[in-house]
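Look at the structure first, then read on.

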Amino acid sequence: MRTVLPFFKRGLTITVLWLVSMILLPLSLLIATALQLKGADIWAIVTSERVMSSILLSFKMSFIATVVNLIFGFLLAWILVRYDFWGKNMVNALIDLPFALPTAVAGIALASLYAPTGLIGGALEKIGIHIAYTPSGITVALIFVSLPFVVRAIQPVLQNLDPSYEEAASILGAGKFITLTRVIIPALLPAIIGGAGMGFARSLGEYGSVIFIAGNVPLVSEIAPLIIMSKLDLYDVQGASVVALLMISISFILIFLINALQWQVSKKMTQVK
């Protein structure tokens with residue numbers, strides 16, 4: 001088979017060298033740094049109440065943010081693809097804003113907005129809802145930074161979706177809800193899973209936008225990246241490496257499972273076609 005880019009062996013060599021230098025080498029150094037500690041010390045760090053609480057909080061808030069983004073990200077992608085309206089290009093550009101905006105700036109803006117004296121936070125405070133400096137604030141920040149991953153994963157697939165499937169469903173008597181759940185969503189499922197996986201991974205490692213709105217109270221609103229930074233501030237490089245390695249290991253397993261699920265769904269869809 002003739003390809004546009006020839007020289008398979010040379011291209012493969014360059015690709016492998018790039019992956020080694022950008023991913024495997026830093027990961028190897030991280031493992032080596034963590035292993036400078038004794039096994040008992042590593043276990044003590046991993047099982048400490050503060051570390052376990054921060055990791056559980058990071059995964060919990062990331063999961064909630066991903067679920068919220070799946071719902072509203074799907075709606076945003078649907079509106080941008082299926083409707084024409086004034087300001088559509090502006091909305092389309094705003095979705096990519098979290099990519100360009102420094103996360104620290106986003107965190108300051110969100111903290112100011114949702115603080116008890118902020119525009120939204122002040123109104124919510126009157127009815128007893130607290131966002132800033134609580135775990136809810138973490139979720140808001142994670143929703144902000146990870147929303148584009150879901151929208152941009154679903155949008156092109158939805159745009160290229162053959163409308164004849166919907167027309168056939170309508171001719172056969174299927175209502176709008178049945179068409180959505182039995183025709184459209186299954187066709188978009190690989191993209192939905194992929195977008196959710198990327199958004200979830202992005203949320204797990206988020207630091208800049210979270211620290212300003214989370215409150216950073218140990219055992220309450222302290223995320224795992226903050227634990228890592230706290231240990232680095234105390235020059236505990238080995239301890240920070242242990243926590244980072246634990247986060248990477250759990251994240252890799254979850255991302256691998258998500259990718260495997262996406263591959264299985266894509267394979268089934270290909271077989272059906």
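A residue counts as exposed when its relative accessible area is over 50%, and as buried when that value is under 20%. Anything in between is partly exposed. By this rule, F252 and F256 are both exposed. Keep in mind that this is a predicted model.

**Aromatic pairs**

A pair of aromatic rings is described by the distance of the centres and the angle of the planes. Searching the whole structure gives four aromatic pairs.

Start with F99 and F149. This pair links distant parts of the chain, 50 residues apart. F99 belongs to helix α5 (residues 97-100). F149 belongs to helix α8 (residues 135-159). F149 has 19% relative accessibility, so F149 counts as buried.

Now take F252 and F256. Both sit in helix α13 (residues 237-272). They are four residues apart, so about one helical turn separates them.

**A charge over a ring**

R82 lies over the face of W78. The distance from the ring centre is 4.4 Å.

**Two packed helices**

Two packed helices are described by the angle between their axes and the distance between the axes. Here, helix α9 (residues 164-171) packs with helix α10 (residues 176-204). The angle is about 140°. The axes are 10 Å apart. The crossing of α9 and α10 is right-handed.

Which residues make the contact? From α9 come Y165, E166 and A169. From α10 come T179, V183 and I184. By kind, the contact residues are four nonpolar, one polar and one charged.

**A buried serine**

Return to helix α13, which also holds S241. Is S241 buried or exposed? S241 is buried, because its relative accessible area is 6%, and the cut-off for buried is under 20%. What does S241 touch, leaving aside its neighbours within four places in sequence? S241 is in contact with L30, T33 and A34.

So helix α13 contains the buried S241 as well as the exposed F252 and F256.

How values were computed. Residues are numbered from 1 along each chain as its sequence is written. This is a predicted model: local features need pLDDT of at least 70, side-chain atom pairs count only at pLDDT 80 or more; totals for chains, interfaces and linings use all residues. Side-chain values use heavy atoms; hydrogens and water are left out. Rings of Phe, Tyr and Trp (its six-membered ring) pair if their centres lie within 6.5 Å; planes under 30 degrees apart count as stacked, over 60 as edge-to-face and the rest as tilted. Helices (H or I, at least four residues) and strands (E, at least two) are DSSP runs, numbered from the N terminus. Buried means under 20% relative accessible area, exposed over 50%, partly exposed in between (1.4 Å probe, protein chains only). A charge sits over a ring if NZ of Lys or CZ of Arg is within 6 Å of the ring centre and within 35 degrees of the ring normal. Axes are lines fitted to C-alpha atoms, for helices over the stretch in contact, and angles run from 0 to 180 degrees between N-to-C directions. A crossing is left-handed if the near helix is turned anticlockwise from the far one by less than a right angle, and right-handed if clockwise. Contact means heavy atoms within 4.5 Å. Ala, Val, Leu, Ile, Met, Phe, Trp, Tyr, Cys and Pro count as nonpolar, Asp, Glu, Lys and Arg as charged, and the others, Gly among them, as polar.
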